[in-house]
2 protein chains.
Amino acid sequence: MTQYTPGPSELYFTVQDHVKSAFRNRIPSLSHRSKGFESIFQQTTSGLRQLLGIPESHFVVFTGSATEVWERSIQNLVMEKSFHLVNGAFSSRYDEVARQLGKTVDQARLPPGEGFENVRVTPGSELIAVTHNETSTGVSLSLPFIHSLGEAHSDSLVIVDAVSSLPYPAFDYDKLDSVFFSVQKGFGLPAGLGVWIVNNRCLTKSREMLSKGVPIGTYHSLPSLHQYALKHQTPETPNVLGIYLLGEVVKDFLRRGIDTIRKETEYKAAILYQCLESHKALKPFVQNKSHRSKTVIVAETGARTAELAAYLSKKGHQAGEGYGEFKQQHLRFANFPAHSKEQFESLTDALMAFD
Amino acid sequence: MTQYTPGPSELYFTVQDHVKSAFRNRIPSLSHRSKGFESIFQQTTSGLRQLLGIPESHFVVFTGSATEVWERSIQNLVMEKSFHLVNGAFSSRYDEVARQLGKTVDQARLPPGEGFENVRVTPGSELIAVTHNETSTGVSLSLPFIHSLGEAHSDSLVIVDAVSSLPYPAFDYDKLDSVFFSVQKGFGLPAGLGVWIVNNRCLTKSREMLSKGVPIGTYHSLPSLHQYALKHQTPETPNVLGIYLLGEVVKDFLRRGIDTIRKETEYKAAILYQCLESHKALKPFVQNKSHRSKTVIVAETGARTAELAAYLSKKGHQAGEGYGEFKQQHLRFANFPAHSKEQFESLTDALMAFD
């Protein structure tokens with residue numbers, strides 16, 4: 001059974017072997033203050049730099065989840081005002097976190113299934129929060145648009161939630177202050193680890209807040225995370241096994257080549273969208289082709305949703321349910337590096353035979 | 001090589017097999033919103049209830065680490081004033097977290113190596129924070145003393161950091177409002193999961209703070225954690241594999257019997273302390289026998305620390321280094337359920353042969 005749920009999703013095929021070597025090398029009981037751990041931290045972060053093209057101006061730290069980054073980023077980067085681009089359940093939840101933390105929140109809002117092409121940001125917004133890929137609806141924003149946010153608003157920090165898209169998007173990190181994701185989606189790993197990429201402008205901002213007495217948290221404040229990262233360590237005892245496994249899968253991705261991974265992602269997305277477009281009973285939920293996500297593909301399945309899910313399941317394909325209000329009307333298909341071309345060909349064959 | 005570092009420490013001997021069954025049952029890619037996950041959450045928490053004797057008045061939630069509980073507990077249980085019993089590096093850090101969060105902190109302080117027998121708590125303290133077992137120095141506080149804190153201060157909440165002692169102590173949870181630990185110590189598991197036990201008084205307090213507009217955090221506030229726990233879920237995508245493994249090791253502990261585990265812990269502690277007391281070159285760091293920890297045993301090794309560590313390592317025993325200022329003068333020995341009687345007998349034989 002291939003699992004197409006958009007996270008936790010199919011594990012990358014090498015993970016179980018990496019777990020075996022981790023136990024062989026006693027990594028699950030390694031002290032997080034040992035040289036051995038520092039070397040794992042260093043390998044994982046430098047592997048990520050190489051894979052994603054993260055420049056020296058940015059550093060990489062670890063949290064328990066991407067949900068934690070929603071909270072920590074608002075806490076560390078927003079004194080008063082943040083601005084959110086909201087077009088689905090997950091971008092909306094990020095906005096909600098800022099409100100819960102007592103910030104003044106402005107937003108640009110679009111209906112589910114639609115993507116932003118331009119936006120009027122409220123002047124004085126300290127942080128612009130944008131969700132690259134709405135996991136709930138399969139809408140992805142273009143990289144030129146995402147990059148333009150940083151270029152057009154140099155007084156604001158720009159943070160990108162790339163939870164269900166990385167490692168696919170080739171971000172220009174020079175134009176973005178922060179990007180984050182969690183490992184159980186595109187990296188095909190067991191859940192329990194968030195990765196937060198931040199530049200020095202973010203660090204400066206959080207230090208400025210600290211000096212003004214604004215609460216920025218304790219062990220996972222940016223200054224604390226950064227101080228330990230300089231030593232290739234974490235403030236708390238972290239998910240050591242998770243950090244090790246991420247490093248190993250990143251090495252696998254580097255061997256395969258990020259260009260190959262991106263081309264295969266595009267090929268798999270192309271055949272699935274083509275199948276949905278030519279299908280008699282199904283269609284892509286996202287109308288505008290330029291907003292269709294390559295990594296989370298959402299099919300409008302209407303009244304036949306349950307029937308189709310059961311049919312696919314019999315053929316060995318476990319589709320993801322629609323999200324929230326769309327539970328009875330959509331099926332979602334993750335298209336991550338863990339999903340092979342052959343699996344997608346078999347999936348589209350099965351879909352075409354459904355009528 | 002047996003690892004006696006006080007956490008991360010030796011893995012419990014069943015862990016690798018449980019990891020294998022987890023992969024066989026596709027648990028690392030299980031959705032945290034599935035029935036399958038709810039069943040794992042339910043089994044793990046009810047296993048913990050049975051093992052530790054946690055009553056219905058208390059509920060169990062998960063965080064990324066015990067360090068996270070330091071922050072969340074202050075954030076959710078202290079509007080203005082907390083009181084800390086400080087007698088070492090870890091109890092001191094908990095106190096520091098409260099200061100960083102802008103609370104008014106009072107403390108009772110003892111030098112490293114000493115334990116509390118009575119304490120004068122500042123009136124009006126909303127939370128009394130006590131560290132059952134100082135991992136840095138091997139000092140443990142008696143259960144009657146810990147329980148008396150709750151009885152004598154019914155207007156305060158009492159929270160116990162039991163990071164390096166559980167599952168050994170038989171707490172009377174009716175006398176304590178909250179207890180927490182992390183899984184990489186006494187439970188012999190890979191790091192990356194904190195367990196937070198809280199009663200309804202704690203929940204009421206955090207709701208009261210929320211209603212007064214005091215920031216209590218977002219996804220990991222007590223009301224949010226509790227709301228999801230009622231459904232056997234977590235607010236964020238958690239360390240699913242970690243929660244599963246904890247549940248399986250708890251089942252193993254239940255089969256072995258908590259009484260057996262406690263008796264073996266006492267036997268192993270007794271032979272190691274006896275060895276240190278009768279030794280010509282070594283002695284227990286903690287003078288007062290009633291404050292000597294059963295689960296983290298600290299030897300004063302003085303000028304011969306490095307020599308002894310190297311000697312033990314050759315014999316297959318990896319001692320933990322002394323903590324902080326004691327790095328060159330102490331060795332620490334974790335005595336967790338993962339450490340067998342035979343290993344402790346072999347360790348004490350090796351120590352006796354060192355002169």
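Predicted model: local features only at pLDDT ≥ 70, side-chain atom pairs only at ≥ 80, totals over all residues.
1. Which residues do the two helices bring together? On the H1(A) side they are A:Val15, A:Gln16, A:Val19 and A:Phe23, and these meet B:Val15, B:Gln16, B:Val19 and B:Phe23 of H1(B). By kind, the residues of this helix contact divide into six nonpolar and two polar, with no charged ones.

2. Two copies of a chain are related by a rotation about an axis and a shift along it.

3. Now for the interface itself. In total, 37 residues of chain A are in contact with 37 residues of chain B. Because 100% of the interface residues of chain A are also interface residues in chain B, the copies meet through the same surface.

4. The size of an interface is often given as the accessible area lost when the parts come together. For chain A and chain B the buried area is about 3,400 Å², and carbon and sulfur atoms give 57% of this. On the chain A side, the residues losing the most area to chain B are A:Phe23, A:Ser29 and A:Thr218, which together account for 17% of what that side buries. A:Phe23 also belongs to the helix contact of point 2.

5. Charged pairs cross between the chains too: the count is four salt bridges between chain A and chain B. One of these pairs B:Arg26 with A:Glu10, where the closest N and O atoms are 3.3 Å apart.

6. Some backbone details deserve a look while you have the model open. A:Leu166 and A:Pro167 are joined by a cis peptide bond with omega of about 10°, and A:Pro167 sits in the loop between strands S8 (157-161) and S9 (178-182) of chain A. In chain B, the peptide bond from B:Leu166 to B:Pro167 is cis as well, with omega near 10°; B:Pro167 lies in the loop between S8 (157-161) and S9 (178-182) of chain B.

7. Lastly, please check A:His232. Its phi is near 60°, a positive value in a residue other than glycine. You will find A:His232 in the loop between helix H7 (222-229) and helix H8 (240-256) of chain A.

Terms used
Residues numbered from 1 in each chain as written. Chains lettered and ligands numbered in written order. Heavy atoms only, no water. Contact = heavy atoms within 4.5 Å. Helix = DSSP H or I, 4+ residues; strand = E, 2+ residues; numbered from the N terminus. Nonpolar A, V, L, I, M, F, W, Y, C, P; charged D, E, K, R; others polar. Buried area = accessible area lost by both parts, 1.4 Å probe. Salt bridge = Lys/Arg side-chain N within 4 Å of Asp/Glu carboxyl O.
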